Amino acid sequence: MQLDQIAKLKNTDSDNFFLLAGPCAIEGEDMAMRIAEQVVRITSDLRIPYVFKGSFKKANRSRIDSFTGIGDLEALKILRKVSETFDIPTVTDIHEVSDAAMAAEYVDVLQIPAFLVRQTDLVVAAAETGKVVNLKKGQFMSPEAMQHAVQKVKDSGSDKAWITDRGTMFGYQDMIVDFRGIPTMRQFAPTVLDVTHSLQQPNQSSGVTGGRPEMIETIARAGIVNQVDGLFIETHFDPANAKSDGANMLDLQHLEGLLTRLVAIRKTVQSF
């Protein structure tokens, strides 16, 4: 594992899965700090290595009137404040080559969105910052194909790559997780399961993505049993009114119970 490559990451000796969690998008400072404070408390108690997640902008929206962000620098400064206040690392998406160097000044992990993971210039730009690069598997890609995305990071002079599975398209409006892909991708890099995006229902006629949040625990449990290295969970204290991806986010009030059960499952699996 490469967790020691990230400054501020706690509990790396706990033998737990690591967690990327937070809101889909940074909506403001108060909401980001409120979410971070609760997740830090929970993960500290459970000794889970934790990286705060928040997108500084959302570029891949279905409709032109969808929320995309509060301003790039404003959101990035909030991510930095979260990191400094709680002494934790942070992760955010980038969408353009020019985003890489800019975001790297504020966060610890650069995430390549699933729709963009084949964009060579973007992956190379992220790798060249020296930050960990979290490569989200394209909904249209096989697990085996992700070795080439990881190789792009390596060929750029970095060994700091993760893979995140966020489900595979199943028809036009649904996602499915093929758990056979987890051991395959773990051969290439530490592998994370994006629980909440795997439950999206995209391409709705309304132009707003739907979801199945009631299945979050089912997918997360299966990921732990299949020995994912980390979990990715978007969470919000008011998902119904979240400005992005509220339909598939976990209500923050349920996070502690979920993680407690997942840690117990992890210990059982590790005992065999």
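## Close-up views of a predicted model

**Figure 1. Helix H7 and its packing partners.** The buried residues of H7 pack against strand E9 (191-194), strand E12 (230-236), strand E13 (250-251) and helix H8 (255-270). Please keep in mind, here and in every view below, that this is a predicted model. Which residues of helix H7 (residues 216-225) are buried? They are Ile216, Ile219, Ala220, Gly223 and Ile224. These residues lie on the same side of H7, because they cover an arc of only 135 degrees around the axis. Just after H7 comes glutamine 227, with a positive phi of about 65 degrees.

**Figure 2. Aspartate 229, in the loop between H7 and E12.** Is aspartate 229 buried or exposed? Its relative accessibility is 10%, so aspartate 229 counts as buried.

Figure 3. In helix H5 (residues 146-155), the buried residues are Met146, Ala149, Val150 and Val153. They span an arc of only 95 degrees around the axis, which puts them on the same side of H5. Now look at the other side of H5, where His148 and Asp155 are exposed. What do the buried residues of H5 pack against? Their partners are helix H4 (120-128), strand E5 (132-136), E6 and helix H6 (181-186). After H5 comes glycine 157, which has a positive phi near 90 degrees.

**Figure 4. The aromatic pair of phenylalanine 18 and tryptophan 162.** The structure holds 1 aromatic pair. The ring centres of phenylalanine 18 and tryptophan 162 are 4.7 Å apart and the ring planes are at 45 degrees, so the pair is tilted. Phenylalanine 18 belongs to strand E1 (residues 18-22) and tryptophan 162 to strand E6 (residues 161-165), so the pair ties together parts that are 144 residues apart in sequence. Both phenylalanine 18 and tryptophan 162 are buried.

Figure 5. Take arginine 34 to begin with: it lies over the face of phenylalanine 237, at 3.8 Å from the ring centre. Then turn to lysine 136, which lies over the face of phenylalanine 232, at 4.3 Å from the ring centre.

Figure 6. As a general background, nonpolar side chains tend to be buried together in soluble globular proteins. In this model, the largest nonpolar core has 70 residues, and Phe52, Leu135 and Leu231 are those with the most contacts inside it. Helix H1 (residues 29-46) gives this core its largest share, 9 residues. Apart from this core lies another, of 12 residues, with Leu9, Phe18, Val109 and Trp162 among them. What does leucine 135 touch, leaving aside its neighbours within four places in sequence? Its contacts include Ile112, Val117, Val123, Ala161, Trp162, Ile163 and Thr164.

**Figure 7. Isoleucine 35, a buried residue of helix H1.** With a relative accessibility of 0%, isoleucine 35 counts as buried. Not counting residues up to four places away in sequence, isoleucine 35 touches Gly22, Pro23, Phe52, Thr235, His236, Phe237 and Leu252. Between isoleucine 35 and alanine 75 there are 15 Å in space, C-alpha to C-alpha, and the two are 40 residues apart in sequence.

**Figure 8. Lysine 8 and asparagine 11, in the segment before E1.** Most residues other than glycine have a negative phi. Lysine 8 has a positive phi, near 75 degrees, and asparagine 11 has a positive phi of about 60 degrees. How exposed is lysine 8? At 32% relative accessibility, lysine 8 counts as partly exposed. Asparagine 11 has a relative accessible area of 18% and is buried; the cut-off for buried is under 20%.

**Figure 9. Glycine 181, in helix H6.** Glycine 181 has a relative accessibility of 2%, so this residue counts as buried. The C-alpha atoms of glycine 181 and leucine 110 are separated by 23 Å, and these residues are 71 residues apart along the chain.

Definitions and conventions
Residues are numbered from 1 along each chain as its sequence is written. This is a predicted model: local features need pLDDT of at least 70, side-chain atom pairs count only at pLDDT 80 or more; totals for chains, interfaces and linings use all residues. Side-chain values use heavy atoms; hydrogens and water are left out. Buried means under 20% relative accessible area, exposed over 50%, partly exposed in between (1.4 Å probe, protein chains only). Helices (H or I, at least four residues) and strands (E, at least two) are DSSP runs, numbered from the N terminus. The arc is that of the directions from the helix axis to the C-beta atoms. Contact means heavy atoms within 4.5 Å. Rings of Phe, Tyr and Trp (its six-membered ring) pair if their centres lie within 6.5 Å; planes under 30 degrees apart count as stacked, over 60 as edge-to-face and the rest as tilted. A charge sits over a ring if NZ of Lys or CZ of Arg is within 6 Å of the ring centre and within 35 degrees of the ring normal. A nonpolar core is a set of buried Ala, Val, Leu, Ile, Met, Phe, Trp, Tyr and Cys residues joined through side-chain atoms within 4.5 Å.
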